[in-house]
Amino acid sequence: MENFSYIEREKRLSTLKGNHYDVIVIGGGITGTGIALDCATRGLKVLVVEMQDFAAGTSSRSTKLVHGGLRYLKQLEVKMVADVGKEREIVYLNAPHVTHPEWMLLPIYKKGTFGKYSTSVGLMVYDFLAGVKRHERRKMLTRNETIEKEPLLKQEDLVGGGYYVEYRTDDARLTIEVAKKAYEKGADLLNYVKAEKLIYSENGKICGITVNDLISECQFDVFAKKIVNASGPWVESIIGLDKKIAGKSLLHTKGIHIVIDQKRFPLRQAVYFDTPDGRMVFAIPREGKAYVGTTDTVFEEDLVNPSIDKDDQNYLIQCIDFMFPQTKLTINDIESSWAGVRPLIREEGKGPSEISRKDEIWTSETGLITIAGGKLTGYRKMAETITDLLCKDLQKSGISVGNSITKTLKLSGGEFKSPTDYASYISRKTKDLMTLGLTNEEATSLAAMYGTNTDKILKLADNVLEETNLPMIMKLTLHYAIDHEMAITAVDYLLRRTGSILFNITIAQKWKLEVIDYMAIAMKWDEKTKEFMWADLELKLHQATNNK
């Protein structure tokens, strides 16, 4: 099989015109790629089209947690807590290189949202619903034990803490690993290809779409027995091409996160805490940084480039000052930030923070199937539910399909017999990578990020280009992103394939020109394309640092 690369993208596009699939999925986020994986592993011929890059929307802009949603227990969303709680363990077992257990501290204060008794009971119920392993079940901490875990916490009125496990992830990398596995299993997935128009048969049922390759600007038709709209915040735009579904609509809300160097915010421990206005916010240490979020406000602006305004940044700084008063942070301490749009299913009379994060499936009279809402954690179950629905209908047409196997299917890079093998694997591969001139820290970081795909990166060492001064680790990861992860732009690489723009903005700024030059050589860009890619990168860097 060819690599999941920009070259393969061109080959697939050249054969797409007039092609017929069992299923076409509009949207290449975690839900769309998850559906593609489930369909492909059941023997269906499936195509995914994504108008931006994979995960460029909500699926790269979350709090980066595969978590059970403790706060939804408070809203009595018992079934959702149970479902996603179990799913987070499945995600971890199938992709331990992008999903890591993270002990979360929930400080308890007098007159706070959570009392000591209610927290203990709530976490116990949470563990039960989520089927949490014995060694990861909740612990209740005394005041002193809580302070010992995180000395920066506000100590006034502190009475203790709850200590429980969530799972930290890289949402964009999780999505790309799902996409790569779907491709490996036979799915066609194309980024920067937009669904422009829906096509109908003589009986008025949807049977295809007109797509536009946004790079070559070529348009053509492609057909399928079933069309799934999994475009996240854009689902109503696709529905708008079809027939409006009565009584169904979305409420878009914006959440932002800010990133601060741990030299300024020396956070030891992930903390989930009360804010002065009664909301809950996460503060999470990651690779020498601490990130904090999220806000939750109604959003009616540009879905592609959601704005990051000073009010939201100041709100999060005030939240930090409230819970970690010793830090004395200001807005100038923010290194980078990101904004994401949540596609919530509208519930009249409820504010953004009160609306359920449940998913729903809508089917129009023309046969367009739309999935909306949901959480990152529940992507696999959502995909299974949709694919069950598709298979039920396709079987009536005589198409043979299998059962879902994604519950135990290892994702790309996660092919370990057990997550316990992950640490020893990293240790071995670190030594191999260091023979290429990488430092111990660089080699460990690379092996940890790419998991069992590290061997493919090792094999690239003789193929990387010498024409630029990029450090070896960036040559390796950039070449891998081009050849094995369908990275098309510098932003794809620096933002979604590596997260540098979010968590290592200095590196992104320092090597941005060399990254552009490397991609221009490897992908044979002309000067016009190179200028466009440069402008796109500068825009994303500005958006991430517009607090300066």
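Modeller: A helix, as the term is used here, is a DSSP run of H or I with at least four residues, and helices are numbered from the N terminus. The model is predicted. With that understood, α18 provides the largest share of the lining of the second largest pocket, namely 7 residues. The pocket itself holds about 900 Å³ of space. Its lining comprises 29 residues, and the closest to the pocket centre are Y192, L214, I215, F532 and M533. Two or more lining residues come from each of α1, α15 (490-497) and α18 (527-544).

E8 counts as buried because its relative accessibility is 6%, under the 20% limit. The side chains of E8 and R12 are joined by a polar contact of 2.5 Å. Leaving aside residues up to four places away in sequence, E8 touches E2, N3 and Y183.

Y183 leads on to L189, which touches Y183 as well as F4, T33, A36, V48, F54, A179, A182 and M486, again leaving aside residues up to four places away in sequence. L189 belongs to the largest nonpolar core, of 113 residues, and is listed with V23, I35, I501 and V515 as having the most contacts inside it. Helix α17 (residues 505-523) gives this core its largest share, 10 residues. Another core, of 31 residues, lies apart from it and includes L105, L158, Y163 and I308. In soluble globular proteins, nonpolar side chains tend to be buried together.

How values were computed: Residues numbered from 1 in each chain as written. Predicted model: local features only at pLDDT ≥ 70, side-chain atom pairs only at ≥ 80, totals over all residues. Heavy atoms only, no water. Core = buried A, V, L, I, M, F, W, Y, C linked by side-chain atoms within 4.5 Å. Buried < 20%, exposed > 50% of the residue type's maximum accessible area, 1.4 Å probe, protein only. Contact = heavy atoms within 4.5 Å. Polar contact = N/O pair within 3.5 Å; in protein donor to acceptor, adjacent residues only side chain to side chain. 1 Å grid on protein atoms, 1.4 Å probe; cavity = no way out; pocket = protein on both sides within 12 Å on 5 of 7 lines; lining within 4 Å. Points joined across faces, edges and corners; volume = space filled by probe spheres on them.
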